[in-house]
Amino acid sequence: MVKTSAPGSVFFFGEHSVVYERPAIVAAIGMRTRTEIVKRGDDRISIDSVGYGKAEMNIRELERREYTSPESYKNILDPLFDLIKTFFQKTGFSSGLDVRISSDIPYMAGGMSSSTAVLSSVLGALNQLAGKGIKTGEFFDWLYPFQVKIHGGKASGSEITSSSMGGYNVVRINKSGERPKLEKKNLGRHEYMIVIGDTKVERQTKETVPYVASGWEKDKESYGAVFDRIGKIAKEGEKHLMAGDARKVGELMNQNHEILARDLGVSHPRLNRLADAARSAGAFGAKLSGAGKGGIMVALVSEKTKGAVAKAIENAGGKAYMTKVGVEGVRVE
Ligand code: MEV
């Protein structure tokens, strides 16, 4: 049996604009997804995920499955069958498997990149089981195609970096070549503290990413200018993050939230309410994280303010999570 885990992620800056080749800062969080894989004596592949349910098929049936487009993901576990099928094809490894998945990330809470954490931990476990020596730096190339299909046809794949390699990372996707490449820079260790606020409003990345894309298709100039402004914030954010200036980082997070809400229209009244509550309770800054229109927000706090910020988020109707940030990426347990 092999056991692995991979962390969820938050965006300090740059969700959505990162899909359009602007820089973003993503960080791994202390809430992890865990995978256990056991080889079976027969040829069945069984996936059992706490929260997402159970599905199984035999290897022959898996080989016949076509996962060619976002629409081909009919079941929530289809991306994992797609990953297992691809792993078998690319590595030559094949076996009946029992795959069990559990997570600290509440399965309803969008915005903590739980789908990327699942992909990373399952790939990590397959890699360990089959002894294929895939390096974490190669996870992007492996997982990007699944991320695109999960996100409805367009994705940056940025969270693959934080969930596989951990830490704080500046990422920028470069689509100029034959295959998209993610340029990444690890920002080292820092002592920042966050509180995550879950709006409890379910949202689907596969709806929000195409929503922004349809606006961009109609008016590339205006949207391009918005993406540029967010990209500039991410760049400035990197400087202050490196300098340990939480106040400046927080101010820029507030600015990034404002643009996401006003210009891209991906906030939600509850996200705004939780962000306002966090700021009033003393957070350095707060913003929605991930695709938006629901899901979660992230507040940058200090040891002194974290309790009050968490309480303010709860009083404003959210569910607060105090968790670490900048943690280790995928690992064997
Ligand atoms: C979703 O978690 C983050 C987005 O930027 C989409 C992506 O980067 O693929 C909205």
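**Entry 1: ground rules.** I call a residue buried under 20% relative accessible area, exposed over 50%, and partly exposed in between. With that cut-off, Asp263 is partly exposed because its relative accessible area is 29%. I am working from a predicted model here.

**Entry 2: Asp263 and its partner.** Next I looked up what Asp263 touches, and found its side chain in a salt bridge with Arg229 at 3.4 Å, N to O. Asp263 sits in the loop between α8 (246-262) and α9 (269-280), while Arg229 belongs to helix α7 (residues 220-243), so the contact ties together parts 34 residues apart in sequence. Arg229 also counts as partly exposed, at 42% relative accessibility.

Entry 3: How many salt bridges does the structure hold? I have 16 on my list. One of them joins the side chains of Glu36 and Arg100 at 3.4 Å, N to O. That pair links distant parts of the chain, with Glu36 in strand β2 (residues 24-39) and Arg100 in strand β5 (residues 97-103), 64 residues apart. I noted both as partly exposed: Glu36 at 22% and Arg100 at 38%.

Another salt bridge brings together the side chains of Arg40 and Asp98, at 3.0 Å, N to O. Arg40 is in the loop between β2 and β3 and Asp98 is in strand β5, so this pair ties together parts 58 residues apart in sequence. I read 24% relative accessible area for Arg40 and 21% for Asp98, so Arg40 is partly exposed and so is Asp98. Through shared partners, salt bridges join Arg40, Asp42 and Asp98 into one network.

**Entry 4: strand β10.** Is β10 (residues 296-301) mostly covered or mostly open? Mostly covered: I found six of its six residues buried. On one side these are Ile296, Val298 and Leu300, and on the other Met297, Ala299 and Val301.

I then checked its neighbours. Strand β8 (residues 193-198) runs antiparallel to β10 and is joined to it by six bridges, with Ile196 partnered by Val298. Strand β9 (residues 285-289) pairs with β10 over five bridges, again antiparallel, and there Gly285 stands opposite Leu300. β9 and β10 form a hairpin with six residues between them, and I noted a positive phi of about 95° at Gly290 in the turn.

Entry 5: Lys181 lies in strand β7 (residues 181-186) and counts as partly exposed, at 48% relative accessibility.

Definitions and conventions
Residues numbered from 1 in each chain as written. Predicted model: local features only at pLDDT ≥ 70, side-chain atom pairs only at ≥ 80, totals over all residues. Heavy atoms only, no water. Buried < 20%, exposed > 50% of the residue type's maximum accessible area, 1.4 Å probe, protein only. Helix = DSSP H or I, 4+ residues; strand = E, 2+ residues; numbered from the N terminus. Pairing = 2+ DSSP bridges. Salt bridge = Lys/Arg side-chain N within 4 Å of Asp/Glu carboxyl O.
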